[in-house]
Each structure stands twice: as C-alpha cells, then as structure tokens.
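The tour goes from one selection to the next.

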Amino acid sequence: MKTRITELLGIRHPVLCPGMTYVSTAELIAAVGNAGGFGILAVGHLTPEETRAEIRRTRTLTDRPFGVGVALIMPGAERNAEVAIEEKVAVINFSLGKGDWICERVHAYGGKVIATVVSEKHAQAAERAGVDALIVTGHEAAAHGGEVTSLVLIPAIRAVTRLPIIATGGFGTGGGLVAALALGADAVAMGTRFASSAESPVHANTKRLITEKAVDETIYSPHFDGMPCRVMKTEAAIRATRKPLSLPAAVVKALKAARELGRPLTAIMRDVLQQGFFNTLKLAYFGAATLQMRKAIHDGNHEEGVQLIGQVQGLVKEVLPVAVIIQRVMLEAEVAHRQVASQLQPASAGTVPEEV
C-alpha cells in the first residue's frame with residue numbers, strides 16, 4: 001500500500017508506533033521498523049545522555065528509519081531535541097510547543113518533522129512552522145487526545161491543510177486503517193496495539209489486562225496529570241481521577257517520583273523554572289503522575305499504578321509479535337477494502353433511487 005506517508009518516510013506500510021513514554025523503547029521501535037512500519041522513540045523521560053544512547057542503540061537493532069518524539073513543554077525537551085538533531089535522526093515529532101526552529105534545523109540535514117495536533121488551529125500553525133506531516137490525535141486515544149473524536153477531527157483537519165495526516169486515536173485494526181484513509185488520512189498510528197505487543201516493555205500483567213478490558217473501560221479526566229488524559233479504568237485509576245490534587249500535594253508527589261527515579265532535583269528545578277508559572281503547574285501535576293505510570297508499565301502493579309490506554313484496548317484480544325500485528329492489519333485492510341468496494345457497486349439497471 002502506497003500513500004503520501006509511506007513515500008515521505010520510506011516505509012512499506014502506512015502504520016506507525018507513536019512515542020509513548022516508557023513504552024516506545026529501542027527494541028519496540030526497531031521491531032516496528034523491521035516489520036515495514038515506522039516507530040517514534042520516546043525520550044521525554046530521558047536525560048540528553050540517555051537519549052543519545054537510546055538513539056544509537058536503536059540503530060544497532062535496525063537499519064530502517066525511525067523518529068524521536070519531544071513534548072516541548074517538558075523540562076529538558078529542547079536539549080533532547082538538540083541531541084536528536086546532532087544525531088541526524090530521520091524524523092523529529094514535536095508536540096505542545098513551537099517547533100519552527102526544529103523544522104529549520106532538521107530540514108538542513110534532509111530530515112523530516114511531524115507535529116502532533118488536536119485541532120484545526122494547531123494544524124494550521126504547524127503547517128506555517130514548516131512541518132512535513134501531522135499526527136492528528138482524536139478523543140479515543142490514550143493519554144492526551146483532543147476533545148473531538150477521530151471520526152470528525154480527521155476530515156476537519158484535512159479540510160484546512162494539504163499536509164499528510166497520520167491518524168491516531170481508536171485505530172488498531174485493518175478496518176480502522178481503511179476508515180482513516182477514507183476520512184482523509186494517509187496512515188495510522190496504533191499506540192495501544194503496539195503497547196500490547198510481544199516486544200513492548202509493558203509488564204505481562206498489564207498486557208493481560210489490556211486484552212481483557214472492554215472499549216468502555218477507560219477514564220478521560222484532567223485530574224490524573226493536569227491535562228485531559230485517558231487511562232485504563234481500574235480502582236487505582238478511579239482514585240487517581242476522583243478529584244484534582246492540590247498544587248502542594250502535586251509538588252510533593254512529583255519530587256518523590258524524581259527521587260525514586262534518581263533524577264537530580266536541582267536540574268529538574270532549573271528546567272521547570274524556565275517554563276513559566278502556568279507550565280510549571282502543568283509539570284508538577286505530570287510529575288506527580290509519573291510514578292503511577294511506571295508502576296503499571298514496569299511492575300504490572302494496578303493496585304497503585306495507572307496505565308495510559310486508548311479505547312481501542314477493547315479490540316486487542318491477544319499479545320502478538322509486532323511483525324504479526326502489522327501483517328494482520330494489512331491483510332484486514334485488504335478484506336475491508338474489498339467489502340467496501342462490493343457495497344459501492346452501482347445499482348442494477350432499472351433501479352430508481354428513492355428521493356431524499
């Protein structure tokens with residue numbers, strides 16, 4: 001299948017793995033690339049030195065192109081972006097900030113830039129900044145999807161931009177891929193599907209839960225990390241999203257997480273103070289949620305941990321290798337395309353359509 005995204009990124013299949021914190025590691029990204037898709041390395045939780053090491057480790061596992069994702073609101077994000085630029089990574093995917101400087105630097109060595117957006121306004125701003133493509137994140141997505149569902153958001157953004165679109169939020173099957181293409185997208189990103197793959201670092205207990213949960217067993221709330229966020233519905237998640245943390249409580253939890261993760265507090269405070277008061281508030285809440293995310297992802301602990309997950313979890317029924325997932329999605333897409341084509345056959349001769 002050829003689309004503008006497969007040609008832009010030099011890949012066989014219009015299927016991507018987005019940059020999921022603690023999940024999109026070198027092993028997972030390499031597996032996606034080796035299977036003909038495209039993976040985006042998550043580095044927001046890494047120091048610049050760790051980011052460089054992870055990029056180089058990915059290159060030992062695959063000779064296929066891959067990207068690096070940076071949420072520009074986060075402490076240290078610009079330094080991680082600088083590392084990715086120095087390493088001449090094929091693609092940088094930015095979100096939550098202005099990336100015109102990234103476009104200029106990346107295009108200078110022939111790389112590409114993708115912006116993650118949740119609205120028409122953000123899409124138009126990203127296009128003016130010079131990005132090469134968009135990841136359009138619908139309401140169904142894990143973590144920070146927008147307020148509008150993919151069914152409406154994709155055609156809305158297609159109407160205001162000529163850029164290639166990667167649809168994410170609710171996609172995990174071949175039928176979903178065909179639907180996204182029909183709506184105006186050029187590829188899909190499947191976070192939840194790849195998070196539950198055999199190569200994913202997500203704990204086996206959490207993968208099992210993903211395969212058992214239904215599509216309606218998620219919670220979308222601003223109370224978990226300070227921004228509207230979708231998480232798996234568990235008792236721990238219900239407690240975590242029942243009411244917002246006070247700022248002092250969020251700061252205490254964020255500092256506790258930093259200590260447990262071995263991050264020097266002086267460096268964190270320096271980066272945070274550079275963000276301004278409003279963004280500092282956001283970062284305190286996000287930091288408070290970090291430890292709960294790690295407990296679910298790395299320890300499989302759902303008495304204390306909280307797992308970011310999309311509604312598509314209800315369509316994931318088994319843990320499979322990445323190569324099998326991509327092969328199955330592409331076969332499902334062929335079947336779905338034939339089914340749609342057969343239903344769009346012209347009416348038989350002599351049939352008069354009813355007036356609407």
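**Stop one: the cavity**

Select Val43, Gly44, Gly69, Val70, Ala71, Met74, Pro75, Gly76, Ala77 and Asn80: they line the largest cavity. This is a predicted model, in which local features need pLDDT of at least 70, side-chain atom pairs count only at pLDDT 80 or more, and totals for chains, interfaces and linings use all residues. Residues are numbered from 1 along each chain as its sequence is written, and side-chain values use heavy atoms, with hydrogens and water left out.

A cavity here is a set of points, on a 1 Å grid over the protein atoms alone, where a 1.4 Å probe fits but cannot get out; lining residues have an atom within 4 Å of a point. The structure holds 1 cavity of 30 Å³ or more. The space in the largest cavity is about 40 Å³. That volume is the space filled by probe spheres set on the points, with grid points joined across faces, edges and corners.

Now colour strand 3 (67–71) and helix 4 (77–86); each gives the lining at least two residues. Strand 3 supplies the largest share, 3 residues. Helices (H or I, at least four residues) and strands (E, at least two) are DSSP runs, numbered from the N terminus.

Go to lysine 88, in the loop between helix 4 and strand 4 (91–95). Its phi is positive, about 55°, although lysine 88 is not a glycine. Lysine 88 counts as exposed because its relative accessibility is 54%; exposed means over 50%, buried under 20%, and partly exposed in between (1.4 Å probe, protein chains only).

Next, select alanine 143, in the loop between strand 6 (133–137) and helix 7 (150–158). Alanine 143 is not a glycine, yet has a positive phi near 60°. Is alanine 143 buried or exposed? At 15% relative accessibility, alanine 143 counts as buried.

Then pick arginine 242, in the loop between helix 11 (235–241) and helix 12 (247–260). Arginine 242 counts as exposed, at 57%.

**Last stop: zoom out**

Buried residues make up 51% of its 356 residues.

Notes: On a 1 Å grid over the protein atoms alone, a cavity is a set of points where a 1.4 Å probe fits but cannot get out, and a pocket is an open set with protein on both sides within 12 Å along at least five of seven lines; lining residues have an atom within 4 Å of a point.
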